[in-house]
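Subject: Handing over the model

Hi,

Here is the structure I promised you. Have a look at it first, and then read on for my notes.

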Amino acid sequence: SWNAVNGATNYTLQIKLANSLNWFTLGAVTVTSVVVSGLQPATTYHWRVKANCSDYSATKILTTNSNFEGDGSDNLAQPSLADGNNWGRLELFPNPVSDQLRLNFVGEVFQNSRLLVYDAMGRVVADEAFQPQLEVAHLQTGVYFIALFSDGKRIATERFVKAQ
């Protein structure tokens, strides 16, 4: 968690293994507290956050416990964000995708639900009403995040890869 920044409408989070030079962008959120999943046990990470109207914060250290259950591999295992909600799960397929991404939300989707698609730099590339299919052919090849908002609250975020 971190302190809110005046004027900020969202925050972009990055994480990396402590001994790596490469930052991994987890995505953008509108809250100031998140849960990151997909981390390895007994591993030290560095993380930082950037408000949409500022530079990245100073690097913070995160070390997971040795009895923490990761996925058993020795690399960064596609960490993902959650803000502690229990509203449901957003499923995306196929992933990677080239033309049409199908979406299935396991849980209750309310009226006024919106999808925001972010690129790896945290820029919004699409903002539309929730629907079971999303046209992605126009997007450049790369990593993207879809955030599902319902009644103004983010209820799910998932990552997808846009293939050629």
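Below is what I found, going from the whole chain down to a couple of residues.

First, the ground rules. This is a predicted model, so local features need pLDDT of at least 70 and side-chain atom pairs count only at pLDDT 80 or more, while totals for chains, interfaces and linings use all residues. Residues are numbered from 1 along each chain as its sequence is written, and side-chain values use heavy atoms, with hydrogens and water left out.

**Whole chain**

The protein chain has 0 helices and 13 strands. (Both are DSSP runs numbered from the N terminus: helices are H or I with at least four residues, strands are E with at least two.) Of its 164 residues, 36% count as buried, where buried means under 20% relative accessible area with a 1.4 Å probe, protein chains only. The accessible surface is about 9300 Å², and carbon and sulfur atoms own 47% of that (Shrake-Rupley method, 1.4 Å probe; for residues, only the protein chains shown count as cover). As for contacts (heavy atoms within 4.5 Å), take those with a separation of 6 or more: 58% of them link residues 24 or more positions apart.

Strands 9 and 10 run antiparallel and are joined by 5 bridges; two strands pair if DSSP finds at least two bridges between them.

**V117**

V117 sits in strand 9 (residues 114-119) and stands opposite A126 in strand 10. V117 is buried, at 3% relative accessible area. Leaving out residues up to four places away in sequence, V117 touches R123, V124, V125, A126, L134, Y144, F145, I146 and F160.

**N10**

N10 belongs to the segment before strand 1 (11-17). N10 is also buried, with a relative accessible area of 13%. Among residues beyond four places away in sequence, N10 touches V29, T30, K50, A51 and N52.

Cheers

Technical notes: Buried < 20%, exposed > 50% of the residue type's maximum accessible area, 1.4 Å probe, protein only.
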